[in-house]
Amino acid sequence: IPSVSSIVPESCLLIVVGLLVGGLIKGVGEKPPILKSDIFFLFLLPPIILDAGYFLPLRQFTENLGTILIFAVVGTLWNAFFLGGLMYAVCQLGGPGLNHIGLLANLLFGSIISAVDPVAVLAVFEEIHINELLHILVFGESLLNDAVTVVLYHLFEEFATFEQVTIIDIILGFLSFFVVSLGGVLVGVIYGVITAFTSRFTSHIRVIEPLFVFLYSYMAYLSAELFHLSGIMALIAAGVVMRPYVEANISHKSHTTIKYFLKMWSSVSETLIFIFLGVSTVAGHHYWNWTFVISTLFFCLVARVLGVLVLTWFINKFRIVKLTPKDQFIIAYGGLRGAIAFSLGYLLDYKHFGMRDMFLTAIITVIFFTVFVQGMTIRPLVDLLAVKKKQETKHSINEEIHTQFLDHLLTGIEDICGHYGHHHWKDKLNRFNKKYVKKCLIAGERSKEPQLIAFYHKMEMKQAIELVESGGIGKIPSAVSTVSIQNINPKTLPLERVLPALSKDKEEEIRKILRTNLQKTRQRLRSYNRHTLVADPYEEAWNQMLLRRQKARQLEQKMNNYLTVPAHRLDSPTMSRARIGSDPLAYEPKGDSENLPIITIDPASPQSPESVDLMSEEPKGCSGLPPSPEEDEEGLVMRVKEPSSPGTDDVFTPGTGDSPSNQRMLRCLSDPGPRPEPEEEGEPFIPKGQ
């Protein structure tokens, strides 16, 4: 019935089914079965946690690990003590039926009911498709608060048997939290490494590969529970550690088997848990106290809201992506309770806790309220608040490449700044993993880089085998590659290009290979500090040398441009002076004007008047011969000054024209005075007879 399942979560429907089955069994006079804690903790809970840990989105989990830990540890401690303290006050004021409940019993009850349940969170949040950030915050909190719950539960249970609790007992109880949490993680890591190492030698018998994953994971959980460590933390650590190495060693069929068997196993366990929760509600012994039950429900909600608001205000001071008020509301509203709280309450001993039936009644009431009311209303609230939903499609390879590129970029920025942040340690861990761990835990060529080329060769070989089997290879030489085959035998392209469909396994392998074989950052990490830089003594000399070479090249280019300009004929002395002033390098000596005065032009500073030098002055008519008409028309001829040798200085080396008479002649040429301009345009610059 789609209309019902779209409104009511699956967990609620399963609890209703359990209630109906329990009522039916009780109606026919039989005793309904009760969800025993041993069955729940040893058989039903591990598959759900292993599925969550093995397929944990590691990137989002590690990036938000600090926030998750604060919610899981500080938030759970706050809920437990706040709720326990207030319930103790309610019991003292609640009348004769509650006066006998002491502080330790209320604190134990608070520790049981305060923890967010991973089974309930998974069941509800996977249906509403909330975005990855909120999902990993609430789900990560429900996974990691197990250590706090286990410590507080066993601590208060032990304290209940003591006649007097001392300060040393409290300190030891505080230290036991680190032992339980870190010990569980250590057990999980050890079994994860053993699983990866074992999968290295299973290439000849692929059938048993999934068995090792399930067996070692279950062994990790049992080993942790054996020493009263956190079994959930052990399973999470084992799944996270073993997955990259196991998937590199096992076959695709084994990977598919592990994936779908875990999904099926966890789904069956989840179904059984909620059904048994409904059956146990009908079958169990209940003691209803309005004051205690309503106070428990109210203070649970108040403690959750206050804890989330205060912790988020503190966390947002350090987060780059802040948690908005909408996010805070979803985190507070998503704190669902489930079967873990019921099983822990069922484990209580009647001898020390005579009020166990009342505790169980209050726990079941809170579970039903959170699962039914909050679970059914969270989806319309998410739509109403327009909270960002999860992307249904996978990231494209382009997005993954750019994501990893930005990771390398941020690692490089942290490296340059000398800041040891999240990306720096992640890069260190990846480098250590590739240098040492992969060689020990991954078999064969897969431990070496690059896998992308090996995978390409594998695909090319497969394509060649298919081509041979189809009989198309006999028409062409054997040395021709598949690319050449397409060029030799061109086919008419269809109107619409049909892309070959890749299987999901092959696409996933290509994604994994691309993710692990992108450009790595440089191996040596050096801190950069501008105050510790040493000046290079040769830097200034090199700069001067480069500048001199550049100026020499520019001068050479200018000289080439000047010498390649064709010469112009001079029409009159006025035009000659104008041309000398504007472009003095445009003139070159003529071969038939040997007896004319020669003016040399210095190219270094063509605009200055001192650049004109009269090298030899031979007035027309001084040789005793009358001037020819051609000489009358030509006047003076300009010649370019010979370039000086590289070892001489053009400014301070005296030339042949530096005598006093030449200087007087130069002044006369540069400033002729008030003499009127000649009327004839063809008259020479120096008059005849002078």
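In the predicted model, the axes of helix 6 (residues 103–114) and helix 8 (residues 132–159) come within 9 Å and cross at roughly 160 degrees, where axes are lines fitted to C-alpha atoms, for helices over the stretch in contact, and angles run from 0 to 180 degrees between N-to-C directions. Helices (H or I, at least four residues) are DSSP runs, numbered from the N terminus. Helix 6 and helix 8 are therefore roughly antiparallel to each other, a term applied to angles over 145 degrees, whereas angles under 35 degrees count as roughly parallel. The crossing of helix 6 with helix 8 is left-handed; a crossing has this hand if the near helix is turned anticlockwise from the far one by less than a right angle, and is right-handed if clockwise. Contact, defined as heavy atoms within 4.5 Å, joins Leu104, Leu107, Leu108, Ser111 and Ile112 of helix 6 to Thr149, Leu152, Tyr153, Phe156, Glu157 and Phe159 of helix 8. This contact of helix 6 with helix 8 comprises eight nonpolar, two polar and one charged residues, with Ala, Val, Leu, Ile, Met, Phe, Trp, Tyr, Cys and Pro counted as nonpolar, Asp, Glu, Lys and Arg as charged, and the others, Gly among them, as polar.

Residues are numbered from 1 along each chain as its sequence is written. Because the model is predicted, local features need pLDDT of at least 70 and side-chain atom pairs count only at pLDDT 80 or more, while totals for chains, interfaces and linings use all residues; side-chain values use heavy atoms, with hydrogens and water left out.

Six cavities of 30 Å³ or more are present in the structure, a cavity being a set of points, on a 1 Å grid over the protein atoms alone, where a 1.4 Å probe fits but cannot get out, with lining residues having an atom within 4 Å of a point. The second largest cavity holds about 80 Å³ of space, the volume being the space filled by probe spheres set on the points, which are joined across faces, edges and corners. Its lining includes Ile112 and Thr149, both of which also take part in the contact between helix 6 and helix 8. Helix 8 supplies four residues, the largest share of the lining of the second largest cavity, and the lining as a whole has seven nonpolar, three polar and two charged residues.

Elsewhere, the axes of helix 10 (residues 209–226) and helix 11 (residues 231–249) come within 9 Å and cross at roughly 155 degrees, and helix 10 and helix 11 are therefore roughly antiparallel. Their crossing is right-handed. Among the residues in contact are Val213, Ala220 and Tyr221 of helix 10 and Leu235, Ala238 and Met242 of helix 11, and the contact as a whole divides into 10 nonpolar, three polar and two charged residues.

Methods: Helix = DSSP H or I, 4+ residues; strand = E, 2+ residues; numbered from the N terminus. Parallel < 35°, antiparallel > 145°, perpendicular 65-115°, else oblique. 1 Å grid on protein atoms, 1.4 Å probe; cavity = no way out; pocket = protein on both sides within 12 Å on 5 of 7 lines; lining within 4 Å.
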